[in-house]
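Here are my notes on the model, as numbered points. Please read them with the structure open.

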Amino acid sequence: HQVSPSGWRSAVLRFNGVVERTLPCDKLASLVEAAKDIPRIYRDEHPHAEKPLGADEFLPIFIWVVSQS
């Protein structure tokens with residue numbers, strides 16, 4: 001049920017922005033924003049889900065986002 005029709009694309013694109021940053025605090029901010037995108041995308045694409053995305057589902061998705069970027 002965690003499959004994303006968009007392929008978590010906005011999180012992947014946001015994570016790609018980490019490379020463009022020079023300051024560590026800016027890199028961290030981009031990383032945090034990418035992590036925040038995942039639950040938002042899940043809520044948008046699965047509006048009838050019975051429960052929110054938990055940590056056990058989040059971590060594999062985050063790893064996939066990192067590998068795609």
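1. I begin with a pair of helices. α1 and α3 are oblique to each other. Their axes come within 9 Å and cross at roughly 55°. The crossing of the two helices is right-handed. On the α1 side, the contact is made by A11, V12 and F15. On the α3 side, F62, W64, V65, V66 and Q68 take part. Please keep in mind that this is a predicted model.

2. The overall layout is quickly told. The chain has 3 helices and 0 strands. Read along the sequence, the pattern is α-α-α. The C-alpha trace spans about 40 × 20 × 20 Å along its principal axes. The chain has 69 residues, and buried ones make up 26% of them. Among contacts with a separation of 6 or more, 59% come from residues 24 or more positions apart.

3. How do α1 and α2 run relative to each other, and which residues make the contact? Their axes come within 8 Å and cross at roughly 180°. That makes α1 roughly antiparallel to α2, because an angle over 145 degrees counts as such. From α1, the contact uses S10, A11, R14 and F15. From α2, it uses S30, L31, E33, A34, D37, I38, R40 and I41. A11 and F15 also belong to the contact of α1 with α3.

4. Now the charged pairs. How many salt bridges does a search of the whole structure find? The search returns 3. One of them joins the side chains of D37 and R14, at 2.8 Å from N to O. This pair links distant parts of the chain, with the partners 23 residues apart. D37 sits in helix α2 (residues 24-45), and R14 sits in helix α1 (residues 9-16). Both residues are also listed in the contact between α1 and α2.

5. D37 has another partner. It forms a salt bridge with R40, where the closest N and O atoms are 3.5 Å apart. D37 and R40 both lie in helix α2. They are 3 residues apart, about one turn of the helix. R40 in turn forms a salt bridge with D44, with the closest N and O atoms 3.1 Å apart. R40 and D44 are 4 residues apart in helix α2, so about one helical turn separates them. Through shared partners, the salt bridges join R14, D37, R40 and D44 into one network.

6. Is D37 buried or exposed? D37 is buried, with a relative accessible area of 5%. That value is under 20%, the cut-off for buried. R14 is partly exposed at 37%, and R40 is partly exposed at 32%. D44 counts as exposed, at 56% relative accessibility. The cut-off for exposed is over 50%.

7. Next, the nonpolar core. The largest one holds 13 residues. Which of its members touch the most other members? They are W8, A11, F15, I38, L53, I61 and V65. The elements giving two or more residues to this core are α1, α2 and α3 (55-68). α2 gives the most, with 4 residues. As general background, nonpolar side chains in soluble globular proteins tend to be buried together.

8. What does I38 contact, leaving aside its neighbours within four places in sequence? The list is W8, A11, L53, F58, I61, F62 and V65. Of these, A11 is also part of the contact that α1 makes with α2, and F62 and V65 are on the α3 side of the contact with α1.

9. A last point concerns W8. This residue lies in the segment before α1. W8 counts as buried, at 5% relative accessibility. W8 is also among the core residues that touch the most other members, and it is in contact with I38.

Terms used: Residues numbered from 1 in each chain as written. Predicted model: local features only at pLDDT ≥ 70, side-chain atom pairs only at ≥ 80, totals over all residues. Heavy atoms only, no water. Salt bridge = Lys/Arg side-chain N within 4 Å of Asp/Glu carboxyl O. Buried < 20%, exposed > 50% of the residue type's maximum accessible area, 1.4 Å probe, protein only. Core = buried A, V, L, I, M, F, W, Y, C linked by side-chain atoms within 4.5 Å. Contact = heavy atoms within 4.5 Å. Axes fitted to C-alpha atoms, helices over the stretch in contact; angles between N-to-C directions. Parallel < 35°, antiparallel > 145°, perpendicular 65-115°, else oblique. Left-handed = near helix turned anticlockwise from the far one by under 90°.
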